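Welcome to this structure. Please take a moment to look it over before reading on.

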Amino acid sequence: MRTVPLLVLALACTGFASIANAAPVVVPDDYPTIQAALDANCDNILVKGGTYNETVSITHGVTLSAWSSTYSDAVPIVLRLTGSVSSGGGSVTVQGLHILRTASVSAFTGCTFLNCRADSGLVCYSGGGFTSVKGCTVFGSLTAAGGYAGVHLNTVVGGTLKVNSNAGTCSASGNYVIGSPAAGISIGDDCYASDNLVRNCVTGIAMGGGYYSGASANVIEDISGTGIVSGVSGSRYANASVVMSNAVRRCGGIGIQAFGVSPTIDGNTVDSTGSTGMDLQVTTDHVDNNTVTRANGAGIVAITLPGHMRGNTVLHCAGDGIRVGLCSLTDHNVVGHNAGAGIKLTSDNQSRVRSNTSFYNLGPGFSINSIDATTDSVVNNIGFGNQVGLQQVGPGIVTLRCNDWFGNSGGATSGVSPGATDFALDPLFCNAPVDVVTLASTSPALNRAGCGLVGALGQGCATPTAATSEPVLRPQRLFAYPQPNRGAMRFAWQPLGEPATLEVFDAQGALRYACGVGDGVRELAWGRTDTGGRMLPAGVYFARLRSGSRDLADCRVVVLE
């Protein structure tokens with residue numbers, strides 16, 4: 001790689017600006033340095049491969065590109081690249097350069113970086129025009145803002161990808177962001193993030209105020225904090241944001257958190273979170289077709305849904321499956337293997353609970369708070385293998401019709417009598433122990449006379465994997481919640497039917513705590529102490545339920561300082 005000395009050659013581009021794009025100048029053939037070509041007012045500059053130990057300062061509109069006749073040509077490397085071009089001064093395009101230190105351009109008419117590498121972050125700003133950063137590799141943060149801004153197909157390592165628009169719209173798509181100490185992607189109002197991959201950051205995507213912003217089809221993995229945040233805590237203004245079809249996996253905090261009014265939150269997949277799967281502090285019409293598994297807290301928590309909560313699946317969470325405040329209609333949801341209630345309605349708003357399937361939950365299959373004189377209804381649901389099928393809280397009126405309450409250890413209902421058309425027959429799920437709760441062709445819930453289809457799902461198999469007239473033996477899962485946590489925790493599990501021992505091991509495999517539990521016990525408070533009552537230090541622990549030589553269930557426990 002050649003090193004180009006800092007020489008000055010007074011070749012004039014001034015006066016030829018109108019034809020410069022047709023006849024670009026070449027550095028170092030025509031000018032020894034990039035800055036010399038810029039100082040001569042050239043507006044189309046090609047730079048051959050080499051190391052240019054200079055700080056490039058752009059003060060007028062220019063296209064500054066790597067010169068290349070073959071893919072084997074060396075990349076031009078510059079020490080710094082800065083630019084400030086006022087209104088009327090033209091746009092700036094930088095293509096194919098490797099910038100070692102500062103890379104920051106502000107050009108009112110337009111700013112573009114293409115296929116560049118920036119080792120100390122990159123800033124591209126346009127006061128009123130279009131800002132574009134595409135195909136670049138950036139170590140540190142990448143910031144793009146303008147009247148319109150587009151950031152696409154970039155790799156950002158160890159920093160945040162920030163996109164904002166001053167007056168128009170902005171977008172970020174196809175980017176790979178890894179290792180940010182803050183948010184992986186941060187977008188402003190009227191901005192959309194789609195098809196991005198974000199890993200090993202504190203927050204996956206932060207949507208700021210969230211006003212007409214959106215996040216869709218992104219993959220967010222191994223985040224220490226929250227996967228997606230839309231809006232600002234405490235906000236109650238209409239922001240109309242969109243969070244759709246994202247996959248959030250392995251988060252230390254909440255999977256998806258939203259604030260404000262009228263967001264659309266549909267079709268997301270959240271798996272393995274350290275806290276609530278989806279925390280929706282919103283007032284919005286509906287929350288539909290989301291899937292939450294293995295949240296270390298409730299699966300989906302929502303405040304006010306005047307429309308419906310529909311088509312969601314929530315499995316293996318350490319709290320309630322779905323917990324919602326005001327909701328007019330809760331229908332066609334599947335909730336199972338959760339440590340709390342399957343579906344819990346905490347407020348009374350002429351609630352309708354229809355065509356849901358709730359199975360193997362440690363709490364009630366359904367819990368409904370009915371306190372006013374308006375009739376609430378529970379119709380065409382399956383409550384299978386829960387602590388109780390339906391729990392009514394409060395003195396209100398609840399009508400029940402065409403529900404299947406089978407195999408619930410605490411009985412069909414609590415606080416209200418089953419309806420005249422309710423029944424208690426094995427629904428014949430295709431394979432309930434592995435969460436397949438479609439119905440066999442012979443299921444009594446498939447097309448019951450006077451009721452039609454009961455439950456959320458239709459036929460999925462000819463015969464069930466474990467057909468039986470008794471409740472299917474529920475697979476064990478051990479829950480520890482809340483975590484991560486600094487104080488006491490609770491362990492919870494399905495009824496065992498036999499005595500067992502709860503054991504807690506440290507990361508080195510040493511047994512630190514053990515406590516016997518009877519066959520009727522289903523939860524235990526743990527004060528973060530060892531068997532001798534001494535407080536255990538912060539760290540990662542492992543808990544298991546054991547009966548004789550058999551391991552029944554286990555889980556990971558994270559204790560904070």
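The model is predicted, so local features need pLDDT of at least 70 and side-chain atom pairs count only at pLDDT 80 or more, while totals for chains, interfaces and linings use all residues. Residues are numbered from 1 along each chain as its sequence is written, and side-chain values use heavy atoms, leaving out hydrogens and water.

## Disulfides

A disulfide here is a pair of cysteine sulfur atoms within 2.5 Å.

| Pair | Sulfur to sulfur | S-S torsion |
|---|---|---|
| Cys111 and Cys124 | 2.0 Å | about -130 degrees |
| Cys402 and Cys451 | 2.0 Å | about -75 degrees |
| Cys430 and Cys461 | 2.1 Å | about -105 degrees |

The torsion of about -130 degrees makes the disulfide of Cys111 and Cys124 left-handed. This pair links distant parts of the chain, with Cys111 in strand β9 (residues 110-114) and Cys124 in strand β11 (residues 122-125), 13 residues apart. Strands are DSSP runs of E with at least two residues, and helices are runs of H or I with at least four; both are numbered from the N terminus. Cys111 is buried at 0% relative accessible area, and Cys124 is buried at 1%. For these labels, buried means under 20% relative accessible area, exposed means over 50%, and partly exposed lies in between (1.4 Å probe, protein chains only).

The disulfide of Cys402 and Cys451 is left-handed. Here Cys402 sits in the loop between β46 (398-401) and β47, and Cys451 in the loop between β50 (436-440) and β51 (459-461), 49 residues apart. Cys402 is buried at 0%, and Cys451 is buried at 16%.

Cys430 and Cys461 also form a left-handed disulfide. Cys430 belongs to strand β49 (residues 429-431) and Cys461 to strand β51, 31 residues apart.

What about Cys251, and which cysteine sulfur is nearest? Cys251 is in no disulfide, and the nearest cysteine sulfur, that of Cys201, is 11 Å away.

## Aromatic rings

Rings of Phe, Tyr and Trp (its six-membered ring) pair if their centres lie within 6.5 Å; planes under 30 degrees apart count as stacked, over 60 as edge-to-face and the rest as tilted. There are eight aromatic pairs in the structure. One of them joins Phe384 and Phe406, stacked at 5.7 Å centre to centre with 20 degrees between the planes. Phe384 is in strand β44 (residues 382-384) and Phe406 in strand β47 (residues 404-406), so this pair ties together parts 22 residues apart in sequence. Phe384 is buried at 1%, and Phe406 is buried at 10%.

Lys48 lies over the face of Trp67, at 4.6 Å from the ring centre. Arg448 takes such a place over Phe423, at 3.9 Å.

Two strands pair if DSSP finds at least two bridges between them. Four strands make an open, antiparallel sheet in the order β55-β54-β57-β58. Its edge strands, β55 (511-517) and β58 (550-559), each pair on one side only. Inside this order, five bridges join β54 (residues 500-505) to β57 (residues 539-547). Phe505 has Phe542 in β57 as its bridge partner.

Notes: Lys NZ or Arg CZ within 6 Å of the ring centre and 35° of its normal.
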